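Have the structure open while you read.

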Amino acid sequence: MASLNESVDVIVIGSGIGGLTAAALLQELGISTLVLEKNRFAGGSCSSFKRDGYSFDAGASVFYGFADNDSSGTLNLHTRIFRKLGVEIATIPDPVQIHYHLPNDFAVPVYYDSKAFLGALVARFPHEAEGIVKFYRELEEVYEILNSLPAGSLEDVMHLASVGISFPAKTIALALKTFRSMGKTARRYIRDEELLRFIDIEAYAWAVQDAVSTPLVNAGICLADRHYGGINYPLGGSGAIPRALCNGIEKFGGTIRYQSEVTSIILENGEARGVRLADGSEYYAKVVISNATVWDTFNRLITDSRFRVDEKRFLRAPSWFQIFLGVDASIIPEGFHVHHVLVDDWQNYNQSGGTIYFSAPTILDPSLAPSGKHIVHAFVTAEAEEWEHYERGSSLYRNAKDAYAAGLISRIERILPGLSKAIELKVLATPLTHERYLNRYKGSYGPLLKPGQNILQKPQNTTPVKNLFAVGDSTFPGQGVIAVTYSGVSCASYIARKFGKSFDYML
Ligand SMILES: Cc1cc2nc3c(=O)[nH]c(=O)nc-3n(C[C@H](O)[C@H](O)[C@H](O)COP(=O)(O)OP(=O)(O)OC[C@H]3O[C@@H](n4cnc5c(N)ncnc54)[C@H](O)[C@@H]3O)c2cc1C
């Protein structure tokens with residue numbers, strides 16, 4: 001039986017952005033890491049895959065955290081991490097975060113320039129001009145606090161004490177804001193039902209929950225930083241981010257093993273000691289970090305029933321049905337924005353398939369497609385249960401996917417007339433694809449807070465199992481590439497202290 005010697009300090013299960021970030025920061029401090037990834041490539045939901053000359057983003061394509069100056073605060077985590085690792089990553093600024101296409105001919109692009117965005121909203125809702133300004137100002141206030149505090153672990157008493165002593169007023173203000181919801185805050189200032197729907201889709205577009213269920217603190221990052229640090233797309237596609245993190249890990253002597261699926265976490269006397277792989281090999285370490293979801297970690301990789309996670313403990317976000325298209329470039333008009341969100345009917349925007357997310361990253365980086373072609377990537381929420389009865393590879397499954405995709409493509413023709421005739425390549429993915437490729441229970445986007453729960457109730461990096469830590473979107477602060485990056489930073493900072501290393505929180 002193969003085994004790695006005890007000299008590996010940390011094993012990371014999975015090379016999602018959370019896991020890679022933790023591994024890279026620990027390795028840079030001289031704490032040896034081994035990342036075990038099931039797939040042949042790194043990045044999980046933030047990876048790229050190639051097909052017939054196209055390079056598609058498997059999931060994420062709206063990126064925060066790449067602001068490139070010191071005055072842009074502490075939320076520019078990607079810039080700070082890559083600078084610390086000495087790894088280059090080129091990005092292209094996107095002038096519009098999302099162009100919304102909503103019922104009743106309501107369309108609004110969210111420009112980098114907040115004045116232009118708020119001006120477009122006020123033009124539609126002149127009677128709510130004051131409320132609009134006040135609501136978005138509240139989000140900016142959260143952003144300004146967060147952007148001035150160093151990133152670190154909320155479980156690290158030393159870190160909390162140092163932040164509290166250095167920034168007492170901001171710490172108290174932030175603590176009070178963690179009890180507030182985005183939607184309830186909006187209702188303090190805004191009455192118009194259609195505008196409140198817009199606030200809902202502003203939350204749903206990234207949180208997959210309505211505004212009332214979305215913590216104000218999360219909204220303060222996503223809906224304010226887009227006008228400060230801005231949205232930046234990595235040259236070469238989303239896979240450039242995990243590639244750069246892997247370069248950082250390897251540069252400092254760490255190891256990433258692909259096609260290495262962990263099937264169980266080895267426990268001794270209730271403590272994590274290592275992992276067992278699908279081929280039976282075992283690896284041991286002082287600390288294990290799981291980048292798998294909370295359900296996969298505790299109900300699959302750990303078989304000890306004492307640690308079982310009750311299905312009712314978290315709301316399970318849906319999975320996705322995705323369409324990856326190679327299209328004739330002439331279908332995308334001049335000036336078309338990269339990211340779009342489409343809602344046909346407010347009655348079902350938050351139901352399975354109700355909201356369409358769209359991106360055409362080749363508008364920013366034409367090298368992702370053959371000359372004269374564009375990429376169209378579109379997806380909607382979907383439940384694994386809607387697809388589980390199909391046998392993989394069967395014609396029934398193929399036909400069901402094709403029929404569902406045809407319906408979505410025809411809905412997208414509202415913003416791209418003639419799309420169905422311009423398709424040259426079509427790749428489809430269901431929740432079953434997500435479950436299989438990403439090892440995510442039911443292909444879920446991850447656990448969500450229940451309405452009314454405080455953001456701090458999200459699990460942190462420590463777990464009920466000694467020496468087992470968690471990173472990724474099952475942990476605080478939640479879903480999104482910049483959020484899981486934060487989870488990697490906080491986990492690395494906590495573990496570094498365990499190893500007696502000092503961690504530069506500001507990176
Ligand atoms: C369709 C879609 C669109 C999105 N759009 C955006 C966006 O525009 N902007 C944004 O910021 N975020 C977006 N997100 C969310 C974001 O991509 C995720 O929240 C984030 O990438 C999750 O990172 P993670 O660290 O939790 O790991 P994951 O991405 O879940 O990766 C986990 C990795 O671990 C591996 N793994 C799991 N179990 C094992 C095991 N037992 N053994 C070995 N390897 C294992 C998996 O193969 C995978 O590579 C999107 C997500 C999806 C699905």
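A residue counts as buried if 20 or more other C-beta atoms lie within 10 Å of its own, exposed if 12 or fewer, and partly exposed in between. Keep in mind that this is a predicted model.

Gln259 is partly exposed, because it has 13 other C-beta atoms within 10 Å, while Asn104 is exposed, with 9. Here they are with their backbone angles:

| Residue | Phi | Loop between |
|---|---|---|
| Asn104 (not a glycine) | positive, about 60° | S7 (96–102) and S8 (106–111) |
| Gln259 (not a glycine) | positive, about 50° | S10 (255–257) and S11 (262–268) |

Now for the inside. The largest nonpolar core has 142 residues, and Ile11, Val288 and Ile289 have the most contacts inside it. Helix H14 (residues 481–498) gives the largest share of this core, 11 residues. Leaving aside residues up to four places away in sequence, Val288 touches Ile11, Ile13, Ile265, Ala272, Gly274, Val275, Asn467 and Leu468.

The loop between strand S22 (468–470) and H14 holds Pro477. The peptide bond leading from Phe476 into Pro477 is cis, with omega near 0°.

Next, a helix pair. The axes of H4 (residues 129–146) and H7 (residues 182–189) come within 8 Å, crossing at roughly 150°, and the crossing is right-handed. On the H4 side you'll find Gly131, Lys134, Phe135 and Glu138, which meet Thr185, Ala186 and Tyr189 of H7.

Notes. Residues numbered from 1 in each chain as written. Predicted model: local features only at pLDDT ≥ 70, side-chain atom pairs only at ≥ 80, totals over all residues. Core = buried A, V, L, I, M, F, W, Y, C linked by C-beta atoms within 7 Å. Helix = DSSP H or I, 4+ residues; strand = E, 2+ residues; numbered from the N terminus. Contact = placed C-beta atoms within 7 Å. Axes fitted to C-alpha atoms, helices over the stretch in contact; angles between N-to-C directions. Left-handed = near helix turned anticlockwise from the far one by under 90°.
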